[in-house]
Amino acid sequence: HTHGNTLAPTHHSLVAMLRYQIFLSYGAAFAAVWLGLLHATPTSIDKESSLFTIGIVYAPFWGIIALGMYAATCVFVGLLAFEDFPEAAAEIEKQVQEAKVEMKKRGVIREVR
């Protein structure tokens with residue numbers, strides 16, 4: 001077991017990648033598979049058939065639709081799980097009032113509401 005070997009793969013290799021690198025890796029893999037399917041389809045399959053056109057030719061379009069649905073679902077679930085924190089709101093309101101009083105003392109504002 002060598003600690004200095006930086007080339008050894010770790011179980012954190014995906015975590016160490018930046019999000020755009022992960023996205024580009026998946027995109028490149030998808031593009032390679034998609035192009036392979038487009039060019040290596042056996043001639044016995046009618047390339048003009050609707051199943052081929054809908055399934056393989058428009059796969060990038062379906063991928064973008066799926067990615068958009070995933071993003072919308074994540075936002076929706078995040079909104080449903082959002083919690084109110086009345087203590088935090090009270091703390092902020094107190095800090096705002098303190099700041100207004102301090103600003104009045106320094107002559108920045110005329111009255112405290």
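**View 1. Phe61, a partly exposed residue in a predicted model**. Phe61 has 46% relative accessibility, so it counts as partly exposed; that label covers what falls between buried (under 20% relative accessible area) and exposed (over 50%), using a 1.4 Å probe and protein chains only. Trp62 is partly exposed too, with a relative accessible area of 44%. This is a predicted model, where local features need pLDDT of at least 70, side-chain atom pairs count only at pLDDT 80 or more, and totals for chains, interfaces and linings use all residues. Residues are numbered from 1 along each chain as its sequence is written, and side-chain values use heavy atoms, leaving out hydrogens and water.

**View 2. The aromatic pair.** How do you describe two aromatic rings? By the distance of their centres and the angle of their planes. Rings of Phe, Tyr and Trp (its six-membered ring) pair if their centres lie within 6.5 Å; planes under 30 degrees apart are stacked, over 60 edge-to-face, and the rest tilted. That rule gives one aromatic pair. The ring centres of Phe61 and Trp62 sit 5.3 Å apart with planes at 65°, so this pair is edge-to-face.

**View 3. The largest pocket.** Its volume is about 260 Å³, meaning the space filled by probe spheres set on grid points joined across faces, edges and corners. A pocket here is an open set of points on a 1 Å grid over the protein atoms alone, where a 1.4 Å probe fits, with protein on both sides within 12 Å along at least five of seven lines; lining residues have an atom within 4 Å of a point. The lining includes Phe23, Tyr26 and Phe30, along with Pro60 and Leu67. Helices H2 (19–39) and H4 (59–81) each supply at least two lining residues.

**View 4. Helix H5 and what follows.** Helices are DSSP runs (H or I, at least four residues) and strands are E runs of at least two, numbered from the N terminus. The chain has five helices and zero strands. H5 (residues 86–105) has 20 residues and reaches 29 Å from its first C-alpha to its last, close to the 28 Å expected, which is 1.5 Å times one less than its number of residues. Just after H5, Gly107 takes a positive phi of about 80°.
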